[in-house]
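I opened this notebook page to record what I looked up, entry by entry, and what I found each time.

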Amino acid sequence: MRHRSRAAGALILLAPLALGAGGGTGAGDVSVSVTGLRSTRGQVLACLTARPKAFPGCAGDPAAHTLIVPAGSHVELDFGAIPNGRYAISLVHDENANGRLDKRLMMPREGFGFSRDAPVRFGPPSFASAAFAVDGAQAHLSIRMRYLF
């Protein structure tokens, strides 16, 4: 009888792992709907990073996830499976498709956006204000593009 109890106990403990519950996958799919593009010209540059010091441009983060997609009337970004953690996303509407955010007197001439629609004051928002959690579930965000000129 004792042997069966231990076996039953082991099955109960292992069942969540066999069914994919409990421990989870350790990753979640991250996708973004981009809204507010002022034109369909150029491309949208996207950067997803977990490093606060690399935000917003992903510079210095070899683990950053970047995407380049054509601008259009309906833009969806799919970063795929991302390991659990805290991340922030920055977007640029690169209207002239030169691969960077153009500026005039230090002010962006092209569109930009951030996860959680983080507020922009005198420069880009902090990582903390744009950060969101990936916790094994699907994370779908909506990011509104902003333009200063």
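The entries below go from the overall fold to the charged pairs, then to the pocket and the surface.

**Entry 1, the model and its fold.** I noted before anything else that this is a predicted model. I then counted the elements and found two helices and 10 strands in the protein chain, and when I read along the sequence they followed the pattern α-β-β-β-β-β-β-β-β-α-β-β. I also looked up burial for the chain as a whole, and of its 149 residues 39% count as buried.

How many salt bridges does a search of the whole structure find? I got four, and I went through some of them by residue. Side chains of opposite charge can pair when their charged atoms come close. The side chains of R38 and E95 meet in such a bridge, at 2.9 Å from N to O. I placed R38 in the loop between strand 1 (27–35) and strand 2, and E95 in the loop between strand 5 and strand 6 (103–104), so this pair ties together parts that are 57 residues apart in sequence.

I then turned to R41, which also forms a salt bridge with E95, with the closest N and O atoms 3.4 Å apart. This pair, too, links distant parts of the chain, since R41 sits in the loop between strand 1 and strand 2 while E95 is in the loop between strand 5 and strand 6, 54 residues away. Taken together, R38, R41 and E95 are linked in a network of salt bridges.

D102 is buried, with a relative accessible area of 10%.

I looked up the largest pocket and noted about 530 Å³ of space in it. It is lined by 24 residues, of which P56, L101, F112, F114 and P124 are the closest to its centre.

I checked G113, which is found in strand 8. G113 is buried, with a relative accessible area of 0%. I also took the distance from G113 to P125, which is 12 residues away along the chain, and their C-alpha atoms are separated by 10.0 Å.

Which residues form a nonpolar patch on the surface? I found M107, L148 and F149, which have about 280 Å² of accessible area together. I located L148 in the segment after strand 10 (139–144). L148 counts as partly exposed, because its relative accessible area of 46% lies between the cut-offs of 20% and 50%.

How values were computed. Residues numbered from 1 in each chain as written. Predicted model: local features only at pLDDT ≥ 70, side-chain atom pairs only at ≥ 80, totals over all residues. Heavy atoms only, no water. 1 Å grid on protein atoms, 1.4 Å probe; cavity = no way out; pocket = protein on both sides within 12 Å on 5 of 7 lines; lining within 4 Å. Points joined across faces, edges and corners; volume = space filled by probe spheres on them. Patch = residues over 30% accessible without salt bridge, like charges linked within 9 Å, V, L, I, M, F, W, Y side chains within 5 Å. Areas by Shrake-Rupley, 256 points an atom, 1.4 Å probe, with all protein chains shown as cover. Helix = DSSP H or I, 4+ residues; strand = E, 2+ residues; numbered from the N terminus. Buried < 20%, exposed > 50% of the residue type's maximum accessible area, 1.4 Å probe, protein only.
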